[in-house]
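Reader: I would like to learn how to read a model of this kind, feature by feature. Could you take me through it?

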Amino acid sequence: MAQNSGEARGWARRWAGGFWILGIWLTGCAAQSPSILAPVSPKGRAEAELFWFILLITAGVFVLVETLLLYAVFRFRARDPRAIPPQIHGNNALEISWTTATAVGLAVIFAMTWRTMAATSTPPADALPVKVIGHQWWWEFQYPTLGITTANELVIPVGRPIRASVTSADVIHSFWVPQLGGKMDAIPGRENAVWLQSDVEGVFYGQCAELCGISHANMRLRVRAVSEAEFQRWVEAQRAPAAQPVEPLAQQGYQVFMSKACVGCHAIAGTPAQGRVGPDLTHFGSRTTIAAGLLENTPENLARWLDNPPAVKPGALMPRLGLTPEEIQALVAYLLSLK
Amino acid sequence: MASQTMTMPRVYEERGLLAWLTTVDHKRIGILYILGAGFFALIGGLEALLIRTQLAAPNNQVLVGEAYNQVLTMHGTTMIFLVVMPVLAGLGNYVIPLMIGARDMAYPRLNAFGVWMFLLGGLFLNLSFLLGGAPDAGWFGYAPLTAKTFSRGTGIDFWILGLQLLGISSITSSINFVSTILLLRAPGLSLNRLPLFAWTTLVTAFLILFAMPSISAALFLLFLDRHLGTHFFNPAAGGDPLLWQHLFWFFGHPEVYIMILPAMGIVSEILPVFSRKPLFGYTAVAYSSVAIGFIGFTVWAHHMFAVGLPDVVNAFFAAASMLVAVPTAIKVFNWIATIWGGAVRYQTPFLFAAAFVALFVIGGLSGLFLAAVPVDWQVTDTYFVVAHFHYTLFGGSMFAIVAGIYYWFPKITGRFLDERLGRWHFALQFIGFNLTFFPMHFLGLAGMPRRIYTYAPGLGWEVLNLLATVGAFILALGFVVFFVNVVRSLAVGVPAPADPWDGHTLEWLTSSPPPPYNFAHIPVVHSRRPVWDLKYTGNPHPRPVVEITEGNDQIKEDKGEKAPEEPIHLPAPSIWPLVIAAGLTLFALGLVTHWIFIPFGVLLFALGIARWATQPLFPEAPGGH
């Protein structure tokens, strides 16, 4: 399994990190980056360890080859422009040596590659199934065994393997949360399984990795890894129907939602809104970001989005609806009440 | 009677626009390729600067969304199809007939057609900016983003038909290279003595002939999907988007070798000359080019490790991709061994060629990470890949191309490029290149995907992106110096003799620039370094270089060789290749914009074919042949 191969390669990681500037850079930047070298999952760790292993070999080759090249260039500079050096045409022993050495090195890298693939390509059998559907330009997440649909924020229990079945509703996207492991393409008409897991609590940044149109850059997501207990509470809350609006402004927002174009595209469980074109909004208020992870979920940002979505996310399929400031305020109150 | 008097001067020795429009001389065609590629390099380079300006800081607003995707797509498409491929075809066109002792390419009019098709195809592609928007789905044009449903404008159609036109150009020029190199070599120039640039161009021509049909078919199917309601790539109707990826990358990966092999050939010419030694391990270097060509067709799915192929399939393509590193490593070691023990002269062509080796090694090594499937799952479609392929295609191909231009400029123009400006150019290009692309390795590892027009602050990407942008402008400054050098040297450069670098191969046997007929006598070849051997063989001690003059009769007499007296057959100039190319371009324009262009295109095409077919190759049969 991944852990075993991980120990086998631990030494490689320490040595490689020791002699390349990357090590220095990482300590400075990894803390804030969604770095593939700061993995929190078994799959991500196995991939990172293979990276360090290959870096160890390639860095050695790099130093060797560049040293030979620089030595040759500087050592054999012509002092007399008319000088004719010995005319050597080749050396079979040398040819055979470097060909063999290269082939052996590559065979070793391939063996390690195969080992890592075997350990990481298939999610464990007991994994929690999640369906990931890419849309232009947002992510839909379904928990088929739990009956939950949400968007752009995937909540998972710490330490439990997740089997993500990745597909697309339109063009090809690629689902990628670097610290949780490698990406998987979301291809319409296909379902690709990938193993997700986080061994620590936290929020992990990801985004679409395949050019999918105008707002490819704005198709972001977050994975929130929470304790098992908190996950259970979250599941309970998500399975409940949408909260009834109580405040007058929120009730007014409910009326706006149900009478304007909103209802045609979005679903809110327990209401007449059953559109499936845009994200499910049943528990919209519980999300920390809006517009596919572009903005924090605050009243100001939500108002800005509702006023003119394509201005926030170019090409957004949600059009400018021509809402009045009053209607927007009411909608904001309603949507944020959907905890 | 001396052979010189039998030489039939070509009509196109005239100056003027018409002489160039009707030329069938491989040297003028080579120059047209190189100038055209230079023009498109300016466009592609400005596109690169726009991209780097937008990405210099998070949430920048210079080039957003749709516009960014257009510039991104056109940058890639331009640099591949309108810069690297044609400039290599241009250098090959100019140099290879000279190198192998031929009077021209095998099919001179087809050669002219190729260059016009390239120039008009390139203009056609760029016309899309003015006619409703450029293509915006990436140079790889993945279905179904390119389907009519998701790309309604004409940009994708310009892309489809533009690539088809350019494909026609590539295929004709490849047929020409294969025929020329296999059939028109000077007496004694066996394949075993063929210069490496000709070897690699031969392999490249075969790669194009076998790879190009795959993308042509894919583009044709895509065009049917978009306009005639077929569903080859539409999953909702039983089509398959992955079919596109297989067809595209079956072309797309050999395409990488199409761009690097001739560059490796250039370096294999330059390093021996400037080290004053033969190429170390000639046979190994030549055969490794052939091996790269073959293995290059078995690695395409390494672009598709994240599409969900079975493990065994991924493993096969991983192994094949790693296998390609063996012949590549053989070349690198042989290049270093060529320099080793030499008498190295630090002139500009050598600087760029040596830098090619240094930088290409980095690109090759970073490629191993991408061949290792689990690492690829992480770094594919990130800036790590952008760094990797720019180290192979810029650090590799482009450095070699620049080296080749400094090397053959004296032959082509009769004047040297300036050495001092050349060193400035080298320093700026080397520093700028590394500053632009080395940080991108780290950006990829830090989780930055490719092809995003913007990013949020706070992800650790700001400093590295800013560095890359600064580097891009230094790189651009290097090319400004290059441009100044070219213009200045054309006017007031130091005049170059026939053999300015103490060269090895036949192109240095004739004057700089060569006469239209290249050689008064076709030289007889006895070794891999015919010109070197003329100068040095039988002299164990250094002696002054023989000054080689036009016609090389003196040397012939020295060596006791006499070429057979024969009239020199040179084909007549022809306008019809250009007319056919224009007809095809108008036809394509009609398909994309307004049908009115279609009949004109068909008419020009038919007229061109008919006149080409009936025009005699030689205006009058000389000497009763």
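Author: Let us begin with the cysteines: over all chains, the structure, which is a predicted model, holds zero disulfides.

Reader: How far is the sulfur of A:C208 from the closest cysteine sulfur, and is A:C208 buried or exposed?

Author: A disulfide calls for two cysteine sulfur atoms within 2.5 Å. The closest cysteine sulfur to that of A:C208 belongs to A:C212 and lies 3.9 Å away, which is too far for a bond, and A:C208 itself is buried, with a relative accessibility of 0%.

Reader: What is B:W244 in contact with, once its neighbours within four places in sequence are left aside?

Author: With those neighbours left aside, the contacts of B:W244 include B:F140, B:Y142 and B:W159, together with B:L219, B:L222 and B:F233.

Reader: How should I read the size of an interface, and how much area do chain B and chain A bury between them?

Author: Interface size is often expressed as the accessible area that is lost when the parts come together. Here chain B and chain A bury about 7,900 Å² between them, with 71% of it on carbon and sulfur atoms. Of the area that chain B buries against chain A, B:W377, B:Q378 and B:L445 supply 9%, more than any other three residues. The contact draws 99 residues from chain B and 88 residues from chain A.

Reader: Where does A:N192 lie, and is A:N192 buried or exposed?

Author: A:N192 belongs to strand β8 of chain A, which spans residues 192-196, and at a relative accessible area of 7% A:N192 is buried, because the cut-off for that word is under 20%. A polar atom of the A:N192 side chain lies 3.0 Å from the backbone oxygen of B:V307. Beyond its neighbours within four places in sequence, A:N192 is in contact with residues of both chains, among them A:V166, A:M184, A:D185, B:V307 and B:G308.

Key. Residues are numbered from 1 along each chain as its sequence is written. Chains are lettered from A and ligands numbered from 1 in the order in which they are written. This is a predicted model: local features need pLDDT of at least 70, side-chain atom pairs count only at pLDDT 80 or more; totals for chains, interfaces and linings use all residues. Side-chain values use heavy atoms; hydrogens and water are left out. Helices (H or I, at least four residues) and strands (E, at least two) are DSSP runs, numbered from the N terminus. Buried means under 20% relative accessible area, exposed over 50%, partly exposed in between (1.4 Å probe, protein chains only). A polar contact is a pair of N or O atoms within 3.5 Å; within protein, one must be able to donate a hydrogen and the other to accept it, and residues adjacent in sequence count only if both atoms are side-chain atoms. Contact means heavy atoms within 4.5 Å. Buried area is the accessible area (1.4 Å probe) that two parts lose on being put together, summed over both.
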